[in-house]
Amino acid sequence: MNAGFHTRAIHEAETHLGGALVTPICQTATFKFKTLEEAKNAIELSLERDAPGYAYTRFSNPTHTALEKKVASLEEGQAALATASGMAAIATVIFTAMKKGDHLVSAGGIYTTTHALFAKLPAWGMEVSFADQTRPADIASNIKRNTRLVFLETPSNPLLDVADIAEIAEIAGKQGARVVVDNTFLTPYYQRPLKLGADIVIHSATKYLSGHLDTMGGVIVGEKDFLKACADTVTLMGGIMNPFNAWLITRGIKTLPIRMEKHSGNAMAVARWLENEPGVAKVRYPGLASHPQHKLASKLAGGFGGMVAFEVSGGLAGARKLLETARLCSLAVSLGGPETLLEHPATMSHLKMPPEDRAALGISDGLIRMSVGLEDAEDIIADLAAALRKL
Ligand SMILES: Cc1ncc(COP(=O)(O)O)c(C=O)c1O
């Protein structure tokens, strides 16, 4: 569809099946045929993922197709693939692009479960090196002859480090390695990594794409042939998305642009306010001039998103007081929904990481990660202010 981002978010790939305005959910595990020939054709087509041709939902399903086409269009990629979760998307990319003896270079301070998956690769005969994605030279020096993938998560979770996707893509391209970008935090509304030279984009669609903290999913976007190979991996490993979740995520994407604007505006207001609060030692938000990669973030992306990290004075005791006193802001993992969420990496997402590794990444006991929601910014700030007064 040749139209603007808002229009494509709403209208791209809607099927209007049976005259329905909204693409219906095809909540079926299997598909019925009249003849053997028809069954054979459908199985062949569905395994090739060339619609129309559906045989079994683990291979493909029309509700997946609608979501995949919409996300491919928004990310400006050739094709997309829906998976059961963001982790299923990441695992699918790894086990499709890499085999025994291959090497991955990954950004270091990334979502803990992604880091944990990559740390297990040697047990499956693959190699991994973690590098500083804010220093392209560090990524370059870690690339080896057998490096197949460079994995970036930008901005990163939880510290919002920003990577120069274009520069790293150029470095990796010269060495024959593909660049994968986890675009969960900014979404295609603010950042389109494929246009910046990356090869593959992944999403935890559980977050901003679905946007309502009520479902789970993942999406991979990239070249058609690679996506077909990813679909084979999903068919073999079973990490398929439930059609109902595909429907919910497709529905969520229709309001993605306006939600991202509001998340971003609220996050900027909260970050600016936090910076002037005496009980707050540090604030990390790519939209603040104090963020070390603020200029780069402004150059690469159209906005800064809804995630803020800050450090309260008083370490663990200070963090506990704030987190247990806040009323409007909920203490919860995950992100990207209407409700503002506060998360304490040291006791929640990064609990299993040894304290010295956490310290090396800059994750202190006073650090709080905030998913700024869609409430009124003044109410979010008032809630934080009341909680900070108790410190
Ligand atoms: C940046 C990022 N990538 C990937 C994931 C994994 O996604 P999921 O929880 O949908 O498997 C998360 C989850 O929090 C995340 O924050």
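Colleague: Which domains does the domain assignment of the protein give?

Modeller: The bounds come from an automatic or database domain assignment, and residues are numbered from 1 along each chain as its sequence is written. This is a predicted model, in which local features need pLDDT of at least 70 and side-chain atom pairs count only at pLDDT 80 or more, while totals for chains, interfaces and linings use all residues. The assignment gives domain 1 (5–26 + 61–253) and domain 2 (256–389).

Colleague: How many residues of domain 1 are in contact with domain 2?

Modeller: The centres of the two domains, taken over C-alpha atoms, are separated by 24 Å. Two residues are in contact if their C-beta atoms, placed from the backbone, lie within 7 Å. On the side of domain 2, 31 residues take part, and on the side of domain 1 the number is 30.

Colleague: At what angle do helix α4 and helix α9 pack?

Modeller: Helices are DSSP runs (H or I, at least four residues), numbered from the N terminus, and axes are lines fitted to C-alpha atoms, for helices over the stretch in contact, with angles running from 0 to 180 degrees between N-to-C directions. The axes of α4 (residues 86–97) and α9 (residues 224–237) lie 9 Å apart, and the angle is about 110°. Because 65 to 115 degrees counts as roughly perpendicular, α4 is roughly perpendicular to α9, at about 110°.

Colleague: Which residues of α4 and α9 make the contact?

Modeller: Both helices contribute to this contact. From α9 come A229, C230, T233 and V234, and from α4 come T92, V93, F95 and T96.

Conventions. Helices (H or I, at least four residues) and strands (E, at least two) are DSSP runs, numbered from the N terminus. Angles under 35 degrees count as roughly parallel, over 145 as roughly antiparallel, 65 to 115 as roughly perpendicular and the rest as oblique.
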